[in-house]
Amino acid sequence: MKSIEVKASSVEEAIEKGLAELGMRHDEVDIEIIEVGGLFKKAKVQLTVRPTEGERALEFVRQLLFRMGLKVEAEFAEDNEKAEIRLCGEDSGKIIGRRGDCLDAVQYLASMIANKEGEAYKKIIIDCGDYRQKRVETLEKLARRLADKAVAKGRKIALEPMNPFERRVIHTALSDNPDVTTESEGTEPNRFVVVKPKVQRPQKKRPPQKRGKDNTRKAKPGRSAASKPKGFLGFGEYLGNSRTGAEDSFDRGGTGGVKE
């Protein structure tokens with residue numbers, strides 16, 4: 001932060017002289033009166049330029065990266081509407097996190113630090129290795145694929161929970177699609193997007209299973225459940241294949257599962 005000391009016959013004159021030297025307004029600097037001055041002594045003030053919202057966010061991010069011990073550098077650009085901080089380095093993957101969760105958390109905290117109460121709000125954007133653009137492209141492809149699937153099956157498809165930004169990407173990607181509509185359902189942080197075909201087919205009801213005289217379901221021919229040793233894991237279960245596709249997609253850091 002830039003800071004200067006200015007002397008003049010009075011405090012007011014010293015402040016005006018300092019503002020002219022910095023080329024700034026009163027609300028852009030912090031003023032400290034060092035000496036009031038008097039008959040034989042000049043007044044002295046110190047003017048310190050206040051950091052912008054983007055500079056506050058940048059300082060927070062740099063301190064956070066240092067304390068986390070991550071080898072990541074931060075580049076910075078700012079205008080009147082937003083401040084962008086771009087991260088790059090060998091530990092980029094760690095700051096991105098699973099499906100961008102860590103990067104979103106850092107962006108949220110930086111925005112809270114940057115925007116003080118009572119001041120005009122400035123948008124803070126933190127990206128790492130163009131992750132956000134790549135994520136948008138992935139979500140747009142997912143949206144189009146699920147729209148085709150919803151139309152083909154004639155029934156709605158619900159995606160896994162997403163943050164507001166990602167939900168907006170899905171809505172925007174399908175806004176011009178004449179065959180489907182989208183809406184968000186649920187409550188945060190488990191709010192999700194539902195893709196609905198405009199023409200829905202009635203769902204076929206499954207025929208009731210046959211039951212025996214004692215009103216129990218008839219067992220399929222072959223090995224019975226009772227003959228399976230207690231604690232025995234089948235081949236598929238042993239390999240972890242009993243997990244659902246949505247869970248598997250989550251653990252691989254994919255775009256998220258789909259609920260139907």
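Helices (H or I, at least four residues) and strands (E, at least two) are taken as DSSP runs, numbered from the N terminus. The structure is a predicted model, in which local features need pLDDT of at least 70 and side-chain atom pairs count only at pLDDT 80 or more, while totals for chains, interfaces and linings use all residues. Residues are numbered from 1 along each chain as its sequence is written, and side-chain values use heavy atoms, with hydrogens and water left out.

The buried residues of H1 (under 20% relative accessible area, with exposed over 50% and partly exposed in between; 1.4 Å probe, protein chains only) are Val 11, Ala 14, Ile 15, Gly 18, Leu 19 and Leu 22. They cover an arc of only 130 degrees around the axis, so they sit on the same side of H1; the arc is that of the directions from the helix axis to the C-beta atoms. Turned away from this buried side, the face of H1 carries exposed Glu 12, Ala 20 and Glu 21. After H1 comes Gly 23, with a positive phi near 70 degrees.

Next comes the sheet. Three strands form an open sheet with antiparallel pairing, in the order S1-S3-S2; two strands pair if DSSP finds at least two bridges between them. The buried residues of H1 pack against S1, S2 and S3, contact meaning heavy atoms within 4.5 Å.
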